[in-house]
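Please keep the sequence and the structure in view while reading.

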Amino acid sequence: MSSRRINFPILLTSFCALVGVSNGCAALKKAPAHESAVTNPGKNSLRTTVLSQRMGPEEIFGPSLSLSGSSLEPVDSSSMHVSQLIQTRPLVLVFSPGIVKGFAHSGVIEALVSSKVSIGAVLGAEMGALIGAIYASNTNVNRLQWELMKFKEDVFQSERGLFSRHKLESELKRLFGHKDIRETKIPYVVAFQQERSGVLELVNQGPAQDAVRSAIAFPEMLNPGQWNGSATISAQKSLPALIAMIHEAKSLQIGPVVVIDVNEDRSLEREQAFEEADLVIRPDLRGIQDLDFKKRSDATFRGKKAVIDHLREIYFWAGMPETDR
């Protein structure tokens with residue numbers, strides 16, 4: 001099959017009009033174009049070093065349609081169920097920064113998988129980066145739960161003593177070894193910042209162990225991480241990190257962007273930061289403090305509940321018909 005450029009949004013709209021299906025297609029938004037391997041400090045001290053991944057026609061249309069020559073092969077819609085004509089869309093998850101509250105992200109993943117909602121990519125900061133990396137590397141919820149059980153409170157507090165055992169590094173090495181971020185099963189992007197300059201880094205390639213270690217370098221508990229010879233810390237300034245991750249998530253052009261915000265800030269500025277997102281889910285995490293690791297299970301449960309409370313909206317954006325739910 002020859003290679004050529006196709007305007008997928010127009011093509012998809014035409015197809016929907018042809019077969020009389022509108023609900024699944026109406027929700028599809030055109031994502032902004034994105035340049036690969038961009039390095040641009042910009043006014044917000046953001047440096048993006050992310051290589052976008054795009055979907056081909058087979059991933060967008062699925063097996064129901066095929067491209068041949070200059071036109072679409074005819075499809076006998078009379079012999080197909082309507083649910084077969086509506087193509088589901090994987091969600092792109094953006095996990096906001098958060099330490100203990102960030103464990104809500106694992107509950108979100110568990111609830112989405114249990115609800116048969118496809119996850120196409122994960123972008124995360126702080127605890128969301130660790131949880132996202134574990135899931136993206138294997139896409140198995142049982143493994144996610146098992147691995148997170150090994151990250152107990154003492155793992156995150158192991159560097160306080162001068163001669164303490166570095167349990168965190170040991171766990172990350174065991175988990176990721178020498179794997180590159182590009183080896184994940186689904187696209188994964190991690191956010192952290194340089195300690196001195198405050199420059200925000202978004203990366204989807206390089207040593208997974210170092211990237212995750214940089215993302216969870218909570219200044220309140222851990223020493224800085226290292227990335228390309230520079231000291232790094234977690235993305236504490238969650239708003240710039242979220243804006244950057246949402247923009248990058250849209251540029252991947254994989255599916256609707258769903259933000260999981262574990263921050264209790266409800267200011268107008270924060271609300272405006274989510275304009276590019278298709279859906280924002282805010283788990284109720286009142287009463288859970290950032291460093292209260294005894295509440296991590298509670299945070300996970302509340303993440304699950306938040307998904308259940310928003311299932312109707314989630315199904316809409318995922319393009320899931322009633323028969324598939």
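Strand 4 (residues 91-95) is largely enclosed by the rest of the structure, because five of its five residues are buried. Here buried means under 20% relative accessible area, exposed means over 50%, and partly exposed lies in between, with a 1.4 Å probe and protein chains only. Helices (H or I, at least four residues) and strands (E, at least two) are DSSP runs, numbered from the N terminus. The model is predicted: local features need pLDDT of at least 70 and side-chain atom pairs count only at pLDDT 80 or more, whereas totals for chains, interfaces and linings use all residues. Residues are numbered from 1 along each chain as its sequence is written, and side-chain values use heavy atoms, with hydrogens and water left out.

Both faces of strand 4 are covered, with Leu91, Leu93 and Phe95 buried on one side and Val92 and Val94 buried on the other. Strand 4 runs parallel to strand 5 (residues 119-125), to which five bridges join it; two strands pair if DSSP finds at least two bridges between them. Within strand 5, Gly124 is the bridge partner of Phe95. Strand 4 also runs parallel to strand 10 (residues 257-260), here over four bridges, and Val257 of strand 10 stands opposite Val92.

Val94, which lies in strand 4, is buried with a relative accessible area of 0%. Leaving aside neighbours within four places in sequence, Val94 is in contact (heavy atoms within 4.5 Å) with Leu123, Leu242, Met245, Ile246, Ala249, Val257, Val258, Val259 and Ile260.

A second pairing is found elsewhere in the chain. Strand 6 (residues 188-194) pairs with strand 7 in the antiparallel sense over four bridges, and Ala191 stands opposite Leu202 in strand 7. These two strands form a hairpin with five residues between them, and Gly198 in the turn has a positive phi of about 80°. From strand 7 (residues 200-203), Leu200 and Leu202 point one way and Glu201 and Val203 the other, all of them buried.

Helix 13 (residues 296-309) has 14 residues and reaches 20 Å from its first C-alpha to its last, close to the 20 Å expected at 1.5 Å a residue; the expected span is 1.5 Å times one less than the number of residues. The buried residues of helix 13 are Arg296, Ala299, Thr300, Arg302, Gly303, Ala306 and Val307. They lie on the same side of helix 13 because they cover an arc of only 165° around the axis, the arc being that of the directions from the helix axis to the C-beta atoms. On the other side of helix 13, Ser297, Phe301 and Ile308 are exposed. The cover over the buried residues of helix 13 includes helix 5 (104-114), helix 7 (141-149), helix 8 (153-156), strand 11 (279-281) and helix 14 (311-318).

For the protein as a whole, there are 14 helices and 11 strands, and 51% of the 325 residues count as buried. Among contacts between residues at least 6 apart in sequence, 68% join residues at least 24 apart.
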